[in-house]
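Look at the sequence and the model first, then read on.

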Amino acid sequence: MPSAAPPTLELLGPTLGVSTRTWNAACAEAYGTAEGEILIDGFATPAINWRDLRFQADPAFGPDKMELWAKIPVEHDGWVRAHNAIRHELTQFKRALDGLGEQPLCDWQVSAIKAYVTGHLVHIHEHHSNEDKVFNPAIRKRVVYPEKLEADHVQLVQMMDEIERMGKAVIVGEPVSALARLWTEYEAMMLPHLHEEETVGLPLARAYFTPQEIGKIVESFMKDGDPVSMGGFVHVMGSKKVALGFMAEAGIPSFVWHIPGKGFKALRTLYRKKMQSHVDSLLAGHVVSSVRKEKAAAKPSKGATAAAKAGDSENLAPASIGAAALLGSSIHVASVPQQLSSPVKRMDVQVLSAR
Ligand SMILES: [Fe+2]
Ligand SMILES: [Fe+2]
């Protein structure tokens, strides 16, 4: 017979991290799952049976709300879009670091790396905090929510602390290769975690909560969110058209796009100044501003052209990590190898130091 209580961090200990073996064994015992049945296993995590009442925490609330989400595809869900912003930073910065290789860094590259690492860590710490302190506790009122998803944060944060230390230690004249290796490990740990949340946590949240209820929970932490991180959320959607579509689905009035200083457009511009310009500069091999489209930039790829046609004319941003969506980066990447040590352009330094 399964025990009444699901596995907890106290039972499993702090070393659980992204390892699934211990977790799955504990789940099998707690939920009475068949031997070998896997609930959470990185990218191999199977679709969860959200109708299974073993995930029901409160008899008053059953898994009967999934159909209310019919008009909001999973890929449009704010949680997935928030993860897209994380994936975007993980993959873009990895490409930038890999491109730098063993070469000694010049001053603007050091500044760009430090600023990007700092901004990314603020973003991810806030994301974890939103999940750990607000979203997950709210979900747990109705759902037996697998603690493994939160346990991953412990190991991820340890790695982020190390990234912070290494980011601060980056200096002119030295290569960034040690940070690049750590970033690769970090990405390999974070990406499956995001997938697990989307495969297990998201369907459970949708089954037990209405879109309006989830909207209220999200609103409670969005109002105090870091503006740059929120700008990344908008930037990664890829275009004004997509952003307005998201706003309509989320019940956010379209005028919010235009609010000076705080609207979606202003936040997106802020992100482009304080984050995207840095990684685009590292990818380009010289300092660039990603706030406006560079008309004289290298000819975009076929996929990027298609993406531009699909979106609006001001689209600079990658729409998540989708292949055709890498418009912004594909513009700059073409000239990477030969220009990695090119000198600073004074005109653009101001943009990079705006943080
Ligand atoms: Fe998480
Ligand atoms: Fe997450």
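**Overview**

This is a predicted model, in which local features need pLDDT of at least 70 and side-chain atom pairs count only at pLDDT 80 or more, while totals for chains, interfaces and linings use all residues. Residues are numbered from 1 along each chain as its sequence is written, and chains are lettered from A and ligands numbered from 1 in the order in which they are written.

The protein has 14 helices and 0 strands. Helices (H or I, at least four residues) and strands (E, at least two) are DSSP runs, numbered from the N terminus. Of the 355 residues, 37% are buried. Buried means that 20 or more other C-beta atoms lie within 10 Å of the residue's own; exposed means 12 or fewer, and partly exposed is in between, with C-beta atoms placed from the backbone. Take the contacts between residues at least 6 apart in sequence: 76% of them join residues at least 24 apart. A contact needs C-beta atoms, placed from the backbone, within 7 Å.

**Helix α4 and its partners**

Helix α4 spans residues 107-140.

| Pair | Axis distance | Angle |
|---|---|---|
| α4 and α8 (residues 227-235) | within 9 Å | roughly 85° |
| α4 and α5 (residues 148-169) | 11 Å | about 160° |

Axes are lines fitted to C-alpha atoms, for helices over the stretch in contact, and angles run from 0 to 180 degrees between N-to-C directions. Angles under 35 degrees count as roughly parallel, over 145 as roughly antiparallel, 65 to 115 as roughly perpendicular and the rest as oblique.

Take α8 first. The axes of α4 and α8 cross at roughly 85°, which makes α4 roughly perpendicular to α8. Gly-119, Val-122, His-123 and Glu-126 of α4 touch Val-228, Ser-229 and Gly-232 of α8. This contact holds 2 nonpolar, 4 polar and 1 charged residues. Ala, Val, Leu, Ile, Met, Phe, Trp, Tyr, Cys and Pro count as nonpolar, Asp, Glu, Lys and Arg as charged, and the others, Gly among them, as polar.

Now α5. It packs against α4 at about 160°, so α4 is roughly antiparallel to α5. The α4 side of the contact includes Ile-113, Val-117 and Leu-121, and the α5 side includes His-153, Val-157 and Met-160. The residues of this contact split into 7 nonpolar, 5 polar and 4 charged.

**Two covered helices**

How many of the residues of α8 are buried? The count is 8 of 9. Among them are Met-230, Gly-231 and Phe-233. Their cover includes α3 (78-100), α4, α9 (240-250) and α10 (264-284).

Helix α10 is largely enclosed by the rest of the structure, because 18 of its 21 residues are buried. α10 bends by about 45° at Gln-276. That bend is the angle between axes fitted to the seven residues ending there and the seven starting there. Gly-285 follows α10 and has a positive phi, near 90°.

**Two loop sites**

Gln-103 sits in the loop between α3 and α4. Gln-103 counts as partly exposed, with 14 C-beta neighbours inside 10 Å. Its C-alpha atom is separated by 7.9 Å from that of Val-176, 73 residues apart along the chain.

Gly-62 is in the loop between α2 (21-31) and α3. Gly-62 is also partly exposed, having 13 other C-beta atoms within 10 Å. The C-alpha atoms of Gly-62 and Arg-51 are separated by 8.5 Å.

Definitions and conventions. Two residues are in contact if their C-beta atoms, placed from the backbone, lie within 7 Å.
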